[in-house]
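These are my notebook entries on a structure that I looked up. I record each point in the order in which I examined it.

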Amino acid sequence: MARTLIKNGTIVTAVDQYRGDILIDGETIQQIGTSLDAPADQVIDAAGRYVIPGGIDVHTHMDMPFGGTTSSDDFETGTVAAAFGGTTTIVDFAIQDFGKSLRQGWETWMAKAEGKAVVDYGFHMIMREFTPELGREMKDMVDEGVTSFKLFMAYPGVFMMDDAGIFQAMQRSGEIGATICMHAENGGVIDVLVKQALARGQTEPKYHAITRPALAEAEATHRAIKMAEIADVPVYIVHLSAAEALQMVTEARDRGVPAFAETCPQYLFLDYTNYEEPGFAGSKYVMSPPLRAREKQSEMWRGLRGNDLQLVSTDHCPFCMKEKELGKDDFSRIPNGAPGVETRLMLLHDGGVRTGQISLNRWVEICSTAPAKIFGLFPRKGTIAPGSDADLVIWDPDKKVTLSHKTLHMRADYNPYEGRQVTGAAETVLSRGRVVVDRGTFTGQKGHGKYLRRAPRA
Ligand SMILES: [Zn+2]
């Protein structure tokens, strides 16, 4: 087994920051110290760099069928892009089909990832319906390491589950130590607003946002939390975008209710006005929930600082403009989603740490440690400690990068942050001891990524 020594770096975790050397033996960290002088097959000089635990993105959609097309990154291209951005673990979403078992959905997504992923991956399971049989199967999935189930309060007829189904899935999650991840938007209200807008001839991309108001997200967030309280289980709100929804999470947490939420970079760095870009350009930002008012973003940052928002994921779900054009005459047909898995750490370092919104430690926490803890991967992932996987990023805090789809690695012919200059980027990236990105060159191997069996809630 190869031994690697990372020397002279500034090691940054969720709680520490110190100068030190890291000795990797095979796939795991063996020793951390000052002036380590162990024999090693390779030595990486990290002077002037941070050494951080690899990013963990718990919300990606690789190779996902949606709205008559498929997200354009598969598990190979998507995880290569993740690695370039300093993310060494993704948790993607397997989907249960109507009338089909959870196992069939899981096996379908396992087959999509196996032999392709270049970094490690796990799965949440999207349930479209609840039956007693599926409830029994939830335990089988937990035994396979799928310890979280995503339910939708939006997309009627496609993903939306009614409150009775949601409530029973919540009760079952309590029995088996699973976590419910909720897409919280009121799908019934949104459906009516969409039909009314289209009937008025309002077809442009901006109506995607106008027909999905913040209060529809706040209402569903509130309802999800109340149902979880009745079922006496924790609940985790995915891609929270609206300050009005965050208020619901904050209010619950202040009462000691185990409500959790993630947000995404797009809700911190982009806003409603992007939908008003000329022509059809607004379609680049069509995602659900939509981008919100810029004036509300300070509340999101406050939530991140105060831990009412525990982490930042991406909801990476890229489409090319050709696919977006499916909705040229009808915003409701624009595939929902945008690329993001590669740019999360850069955006949050540049726009979060460097601007003083969050500390360096909090950056590591929301990008790596908290996702590992909440989703059953800690301490194997999410920190730098003896025995942990050697998923490590050598981060150059001074490197300037101009974000562009031409130089980024995600499979999309546009980038939502095109032309934005950021400072700080991943330089060298290791996945389980193997260098997968070496100073800007991909050196990994497809199939290196392994399936992660995640632990249930303790
Ligand atoms: Zn999503």
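Entry 1: an enclosed helix. I began with helix α1 (residues 75-84), where 9 of the 10 residues are buried, so the helix is largely enclosed by the rest of the structure. I take buried to mean under 20% relative accessible area, exposed over 50%, and partly exposed in between, with a 1.4 Å probe and protein chains only. The buried residues of α1 are F75, T77, G78, T79, V80, A81, A82, A83 and F84. I then looked up what covers them, and the list includes β9 (87-95), α2 (102-113), β10 (120-126), β17, β18 and β19 (441-442). Helices (H or I, at least four residues) and strands (E, at least two) are DSSP runs, numbered from the N terminus.

I note the basis of these entries: the model is predicted, local features need pLDDT of at least 70, side-chain atom pairs count only at pLDDT 80 or more, and totals for chains, interfaces and linings use all residues. Residues are numbered from 1 along each chain as its sequence is written, and side-chain values use heavy atoms, with hydrogens and water left out.

Entry 2: the zinc site. Which residues coordinate the zinc ion? I found H59 (NE2), H61 (NE2) and D315 (OD), at 2.1 to 2.2 Å. Donors are N, O and S atoms within 2.8 Å of the metal (3.2 Å for Na, K and Ca); water is not among the atoms, so sites may look incomplete. The spacing of the donor residues in sequence is H-x1-H-x253-D. H61 lies in the loop between β6 (55-60) and β7 (65-66), and D315 in the loop between β15 (311-312) and α11 (321-324), so this pair ties together parts that are 254 residues apart in sequence. H61 is buried at 5% relative accessibility, and D315 is buried at 11%.

Entry 3: backbone details. D315 also has a positive phi of about 55°, although it is not a glycine. R432, likewise not a glycine, has a positive phi near 45°. I located R432 in the loop between β17 (421-431) and β18 (434-438), and its relative accessible area of 3% makes R432 buried. I also noted a cis peptide bond from S288 to P289, with omega near -5°. P289 is in the loop between α9 (266-269) and α10 (297-305). Another cis peptide bond joins F378 and P379, with omega about 5°.

Entry 4: a helix pair. How do α7 and α8 pack? Helix α7 (residues 214-231) and helix α8 (residues 243-254) have axes 7 Å apart, at an angle of about 25°. Axes are lines fitted to C-alpha atoms, for helices over the stretch in contact, and angles run from 0 to 180 degrees between N-to-C directions. The two helices are therefore roughly parallel to each other; angles under 35 degrees count as roughly parallel, over 145 as roughly antiparallel, 65 to 115 as roughly perpendicular and the rest as oblique. In α7, I listed A214, L215, E217, A218, T221, H222 and I225, which meet E244, A245, M248, V249 and A252 in α8. Contact means heavy atoms within 4.5 Å.

Entry 5: a second pair. The axes of helix α3 (residues 132-143) and helix α4 (residues 163-176) come within 10 Å and cross at roughly 40°. I therefore recorded α3 as oblique to α4. On the α3 side, the contact is made by G135, R136, M138, K139 and V142, and on the α4 side by A169, R172, S173 and I176.
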